[in-house]
Amino acid sequence: MSENLNPFAIAQAQLDEAAAVLQLDPDMHAFLRQPMREFHFTIPVRMDDGHVQTFRGFRVQYNDARGPAKGGIRFHPDETIDTVRALAAWMTWKTAVADVPLGGGKGGVICNPRQMSSGELERLSRGYMRVLARYVGLTRDVPAPDVHTNPQIMAWMLDEYEVLHGQHEPGVITGKPLQLGGSAGRTPATALGGLFTIREAAKLQGMDLNDATCAIQGYGNVGSFAHSLGTEQFGLKVVAVSDEFGGIYNKNGLDPKVVSKHLRRSGRVEGCPDTEPISNEDLLELDVDILIPAAIENQLTGKNADKVKALIIAELANGPTTPEADKIFNEKGTTIIPDFLCNAGGVTVSYFEMVQNAYQYYWDEALVHERLDQKMTMAFHAVWKLAEVRNVDTRVAAYLVAVNRVAEAVRLRGWV
Ligand code: NAD
C-alpha cells in the first residue's frame with residue numbers, strides 16, 4: 001500500500017500517536033484533531049493586462065486556547081486547504097512547545113508569485129487582507145510571512161489593515177520591514193533557532209560541530225541562513241545545498257558567500273563555481289553528520305529513509321518526514337529534531353516583535369538572539385527530558401509537551 005502523503009492526515013496521525021501515549025481524554029482528542037475555524041474565500045485581482053483574475057485564499061485558525069492564532073501566509077501554485085490545516089495544527093504545537101502565549105493558524109493563496117508583477121502581488125496581498133481584516137488582529141490572529149511571501153508583502157497587508165481600521169496597529173502582522181516595526185534579527189531567526197537546537201543535540205551525542213559535515217535541502221530564507229550562520233557561527237562544514245532546480249556538492253565545504261552571489265546572479269544554486277551537481281534525492285542520502293531539510297513537505301519517506309545516513313536530522317522545513325520514515329529512523333537510532341521544535345525560532349522572534357510593537361520600544365539584534373537562544377534551549381531540553389522519562393521518540397515527546405499545554409488551556413477555559 002502506498003503512503004498517505006496528505007499533510008493533514010499526517011498531522012492527525014502524529015497527534016493520534018501522542019494522544020495514545022498521553023491517554024488523552026477522547027473528547028479532548030476529538031476537539032484537538034480539527035481546526036476551530038476556517039475561512040475559504042475568493043480574491044478578485046485586476047491584473048496588469050486589465051482582466052480580473054479570481055484567486056482562492058484560505059485562513060485556518062486551528063486553535064487559540066493559549067492566545068491569538070499565529071502563523072504565516074503562503075503564496076503557492078499547489079496550495080491546498082489540507083496543507084494549510086496541517087501547517088496551522090503544527091503552529092499550534094509549535095507555539096506551545098516554544099511556550100509563547102499564542103495559538104496556531106496558517107493562511108495561503110493558490111497563485112504563482114513567480115509569474116506575477118509587483119503590482120499584481122500588491123493587489124493580491126491587499127485583497128487577502130481586505131477579506132480577512134474583520135477576523136484577524138492583535139487579539140485574534142496574527143499573520144506572518146512563509147513560503148513565497150516576504151516583508152514587503154507583510155507591509156502591504158499591514159497598510160491595508162491599518163487603512164481599514166483607521167489607526168496604527170503594527171502588532172497585527174509580524175515579519176514586517178524594520179522601518180514599519182519589524183524586529184531586529186527576525187529574518188535569520190528560524191535558521192538560528194534550529195542551529196541552537198542542533199548545538200544542544202550535538203552536545204548530548206558528544207559530536208563536535210566544528211567541521212561536522214552537513215547537507216541542506218532548500219536554499220530560501222531558512223536554508224541559506226542555515227548555511228551562512230551554520231558555517232560562520234557554529235563551524236559546520238556544509239558540503240551540499242539545493243533548491244527546487246537541483247543541488248551542488250563540494251566535499252571540502254561550500255562557501256555561503258560564493259553560493260549566495262551565484263544564486264543572486266543566476267536564480268539557482270546549480271552551476272556555482274567549484275561545485276559538482278547533485279540531485280535533491282542524492283543530497284538526502286549523503287554520508288553527512290547532519291541533514292537539514294529546509295524546503296517542503298514529504299521529502300523523507302518510506303522509500304528513502306533507510307538510505308539516509310545522517311546521524312542528526314534537523315527539520316527546519318515543516319513536515320519533511322512521513323510517519324513511515326519516522327519508524328525507520330527510530331529503528332536506526334537517527335536523532336530527529338522535530339519540525340515544530342526545530343523551526344520554532346521564527347515564531348519566537350515574531351512573538352518578540354509583537355512584544356516590542358506593544359511597548360513601542362525596540363531591542364537590538366544581540367538581545368533578540370540571546371533571548372531566542374534561551375527559549376530554544378529550554379524548549380529543546382523540555383522535549384529531550386520527556387523523551388527520556390516516557391521512553392518515546394523525540395517527535396512524540398514534542399507532541400506530549402505541546403498537547404499537554406494546549407489541552408490544559410482548553411480544559412481551564414471549560415471548552416472540553
Ligand atoms: P523559501 O520560499 O524562502 O525557500 C524555499 C526553498 O526551497 C527554495 O530554495 C526553493 O527553491 C526550495 N524548494 C522548493 N521546492 C523544492 C523541492 N521540491 N526540492 C528542493 N528544494 C525545493 O521558504 P523558507 O521560508 O525558506 O521556508 C522553507 C521551509 O521552512 C518551509 O517548509 C517553511 O514552511 C519552513 N519554515 C519557514 C519559516 C520562516 O521563518 N521562513 C519558519 C518556520 C518554518
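User: Is Cys214 buried or exposed?
Analyst: Cys214 is buried, at a relative accessible area of 0%. Buried means under 20% relative accessible area, exposed over 50%, partly exposed in between (1.4 Å probe, protein chains only). This is a predicted model: local features need pLDDT of at least 70, side-chain atom pairs count only at pLDDT 80 or more, and totals for chains, interfaces and linings use all residues. Side-chain values use heavy atoms, leaving out hydrogens and water, and residues are numbered from 1 along each chain as its sequence is written.
User: And Cys342, buried or exposed?
Analyst: Cys342 counts as buried, with 0% relative accessibility.
User: OK, strands. How do β1 and β2 pair?
Analyst: Antiparallel, over 10 bridges, with β1 at residues 37-46 and β2 at residues 52-63. Strands are DSSP runs (E, at least two residues), numbered from the N terminus. Two of them pair if DSSP finds at least two bridges between them.
User: Which residue in β2 is the bridge partner of Phe39?
Analyst: Arg59.
User: What about the hairpin, which residue takes a positive phi?
Analyst: Gly50, near 100°. The hairpin of β1 and β2 has five residues between the strands.
User: How does β2 pair with β4?
Analyst: Also antiparallel, over seven bridges, with β4 at residues 104-110. There, Val60 stands opposite Lys106 in β4.

Technical notes
Helix = DSSP H or I, 4+ residues; strand = E, 2+ residues; numbered from the N terminus.
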